Amino acid sequence: MSLALVAFGATACDDGGGKDTARPSHSPRPAWNTRPQSLASLGDSITRGFDACSVLADCPEVSWATGTQIDSLARRLLPSPETTSWNYARTGARMADLPDQMRAAVTHRPQLVTVLVGANDACRPDVAAMTAVDSFRADFEKSLAVLRRAQPTAQVYVASIPDLKRLWAEGRKNSLGKQVWRLASICPSMLRDADASDPVAEQRRAAVDERVRAYNATLKAVCARDVLCRYDDAVHGYGFTGQELSQWDWFHPSRKGQGELAGLAYRTITADRPLT
């Protein structure tokens, strides 16, 4: 079933008695609300503020999406962020975990759902273990279908996956960060042997980079089929520097980096028209 049709409300629905309750085909296009009053955030360690406050620990208080100690998206958008925002992201989550996160989120009937997930699908022990693009797409489509069945008018903000190769290039400048990468086995498909420049290492990093770009293309294409979904490629394009990266692992966003992500999301969500 086309998600665009679901969002338009133009597909036939069974009200339990077999009656067709579909809207007329000339129903107006749903308008994007630039000031939603509630939000639920889904995703992985980035949205949990991992390594932003202390080593190898979540710090949701500084999450770009729902944090209370930074100028997060929730604080910028919502009148009462403490009671009208919910963070269902989980460190280590992959796209396969998104449908369950979405099921939990819709119980609150949020007006906006944010999604930032996919880095862990590429950050695997080796290149062969990366999530297949078809599986990635199927789980993302399933997640949106869960939302649409529960809330046909909810809006969705989908952030692109950060540029993992750029994070490697920036983080490898820090010797402590490289030690944490090795000891904590952070994104080994990209970060293993961080200083290696042989053809095998370069091909491995290129393969991870290519898969991230394929994931982002999938997110953009699926989101484009839903009239109440906005995809943001600015996250992948953002040039994280040492100041925006965790002082403990030089890979996850720091408190400052989380603030930058909040700004990107706010720009896209409050725009009168889609920016990408």
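Helices (H or I, at least four residues) and strands (E, at least two) are taken here as DSSP runs, numbered from the N terminus. The model is a predicted one, in which local features need pLDDT of at least 70 and side-chain atom pairs count only at pLDDT 80 or more, while totals for chains, interfaces and linings use all residues. Residues are numbered from 1 along each chain as its sequence is written, and side-chain values use heavy atoms, with hydrogens and water left out.

The chain has 12 helices and five strands. Of its 276 residues, 52% count as buried, where buried means under 20% relative accessible area, exposed over 50%, and partly exposed in between (1.4 Å probe, protein chains only). Among contacts (heavy atoms within 4.5 Å) with a separation of 6 or more, residues 24 or more positions apart account for 70%.

**Loop residues**

Thr-34 is found in the loop between α1 (3-8) and β1 (39-43). Leaving aside neighbours within four places in sequence, Thr-34 is in contact with Leu-77, Ile-269, Thr-270, Ala-271 and Asp-272. Thr-34 and Leu-77 are 43 residues apart in sequence, and their C-alpha atoms are 8.9 Å apart in space.

Ser-72 has its place in the loop between β1 and α2 (73-77), and a polar atom of its side chain lies 2.6 Å from the backbone oxygen of Gly-67. That pair falls under the polar contacts, defined as N or O atoms within 3.5 Å, of which, within protein, one must be able to donate a hydrogen and the other to accept it, with residues adjacent in sequence counting only if both atoms are side-chain atoms. Apart from neighbours within four places, Ser-72 is in contact with Ser-63, Trp-64, Ala-65, Thr-66, Gly-67 and Ala-262.

Most residues other than glycine have a negative phi. Leu-56, however, has a positive phi near 55° and is found in the loop between β1 and α2. Trp-250, also not a glycine, has a positive phi of about 50°, and its place is in the loop between α11 (234-237) and α12 (255-269).

| Residue | Relative accessible area | Class |
|---|---|---|
| Thr-34 | 22% | partly exposed |
| Leu-56 | 46% | partly exposed |
| Ser-72 | 0% | buried |
| Gln-101 | 7% | buried |
| Trp-250 | 17% | buried |

**Helices**

Gln-101 lies in helix α4 (residues 98-105). Not counting residues up to four places away in sequence, Gln-101 touches Leu-42, Gly-43, Tyr-88, Ala-89, Arg-90 and Ala-93.

Helix α6 (residues 133-150) and helix α10 (residues 199-224) pack at an angle of about 30°, with their axes 10 Å apart; axes are lines fitted to C-alpha atoms, for helices over the stretch in contact, and angles run from 0 to 180 degrees between N-to-C directions. In this packing, residues of α6 including Phe-136, Phe-140 and Leu-144 meet residues of α10, among them Tyr-215, Leu-219 and Val-222. By class, the contact of α6 with α10 has nine nonpolar, one polar and three charged residues, with Ala, Val, Leu, Ile, Met, Phe, Trp, Tyr, Cys and Pro counted as nonpolar, Asp, Glu, Lys and Arg as charged, and the others, Gly among them, as polar.

The 26 residues of α10 should span 38 Å at 1.5 Å a residue, and the end C-alpha atoms are 37 Å apart, which agrees; the expected span is 1.5 Å times one less than the number of residues. At the start of α10, a side-chain oxygen of Asp-198 reaches to within 3.2 Å of the backbone nitrogen of Val-200. Buried residues of α10 include Ala-201, Val-208, Asp-209 and Val-212.
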